[in-house]
Amino acid sequence: MSLFHDFYSIAAFAADGPKVSASISINKTHPVFKGHFPNNPVTPGVCMMQIIKELAEKWAECSLVLKKARNVKFMAIINPDNHPNIQVELDVEEEDGLLSVRSTTSFEDTMALKFSGVFQKV
């Protein structure tokens, strides 16, 4: 994927119409974690949002730009040492070149992020 080249990898990706399910493995040795934060790594929220965008791009088979983030709720810290494997679910609605995306990100039984926003095809 394009986020810092090796920040994460997709272990599984399945799309059934507007529903997308992806299993992601975060690279806990990535340099971003040296600064965010030393000895207590936390996956940056902006990186999680970028992963959602990239998964939506994979679904749409084109580049997207975020037009509007309607609702973003960070509910739990994703520490890649403790939980490198996460699940991302997308529900995509497409209309007039715009994609409305609702997404959840979780690890084990813990909800970490709820996101809804609009992306535009470019």
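Biologist: I am new to this structure. Where does Glu-57 sit in the fold?

Modeller: Glu-57 belongs to helix α2, which covers residues 45-60. Keep in mind that the model is predicted.

Biologist: How do I read its accessibility: is Glu-57 buried or exposed?

Modeller: A residue is called buried when its relative accessible area is under 20%. Glu-57 has 16% relative accessibility, so Glu-57 counts as buried.

Biologist: Which side chain does the side chain of Glu-57 make a polar contact with?

Modeller: Polar contacts are read from pairs of N or O atoms within 3.5 Å. Here the partner is the side chain of Lys-53, at 2.8 Å.

Biologist: And which residues is Glu-57 in contact with, once its neighbours within four places in sequence are left aside?

Modeller: Those are Cys-62, Ser-63 and Leu-64. Of these, Leu-64 falls in the range of β3 (64-74).

Biologist: Now the backbone. Which residues does a cis peptide bond join?

Modeller: Look at omega for the bond between two residues. His-36 and Phe-37 are joined by a cis peptide bond, with omega at about -5°. Phe-37 is in the loop that runs between α1 (32-35) and α2.

Biologist: How many aromatic pairs does a search of the whole structure find?

Modeller: The search finds two. One of them is formed by Phe-7 and Phe-33, which are stacked, with 5.5 Å centre to centre and 25° between the planes. This pair links distant parts of the chain, as Phe-7 is in the segment before β1 (8-16) and Phe-33 is in helix α1, 26 residues apart. Both Phe-7 and Phe-33 are buried.

Biologist: Why is the pair of Phe-115 and Phe-119 tilted?

Modeller: Planes under 30 degrees apart count as stacked and those over 60 as edge-to-face, with the rest tilted. The ring planes of Phe-115 and Phe-119 are at 40°, so the pair is tilted; the ring centres are 6.0 Å apart. Phe-115 counts as buried because its relative accessibility is 4%. Phe-119 has 2%, so Phe-119 counts as buried too.

Biologist: Which residue lies over the face of Phe-13?

Modeller: Lys-58 does, at 5.0 Å from the ring centre.

Biologist: Last, the sheet. What is the order of its strands?

Modeller: The order is β1-β2-β4-β5-β6-β3, in an open sheet of six strands with antiparallel pairing. β1 and β3 are at the edges and each has a single partner strand, so one side of each has no neighbour in the sheet. From one strand to the next, the twist averages 20°.

Biologist: How many bridges do β5 and β6 pair over?

Modeller: They pair over ten bridges, in the antiparallel sense.

Key. Residues numbered from 1 in each chain as written. Predicted model: local features only at pLDDT ≥ 70, side-chain atom pairs only at ≥ 80, totals over all residues. Heavy atoms only, no water. Helix = DSSP H or I, 4+ residues; strand = E, 2+ residues; numbered from the N terminus. Buried < 20%, exposed > 50% of the residue type's maximum accessible area, 1.4 Å probe, protein only. Polar contact = N/O pair within 3.5 Å; in protein donor to acceptor, adjacent residues only side chain to side chain. Contact = heavy atoms within 4.5 Å. Phe/Tyr/Trp six-rings, centres within 6.5 Å; stacked < 30°, edge-to-face > 60°. Lys NZ or Arg CZ within 6 Å of the ring centre and 35° of its normal. Pairing = 2+ DSSP bridges. Axes fitted to C-alpha atoms, helices over the stretch in contact; angles between N-to-C directions.
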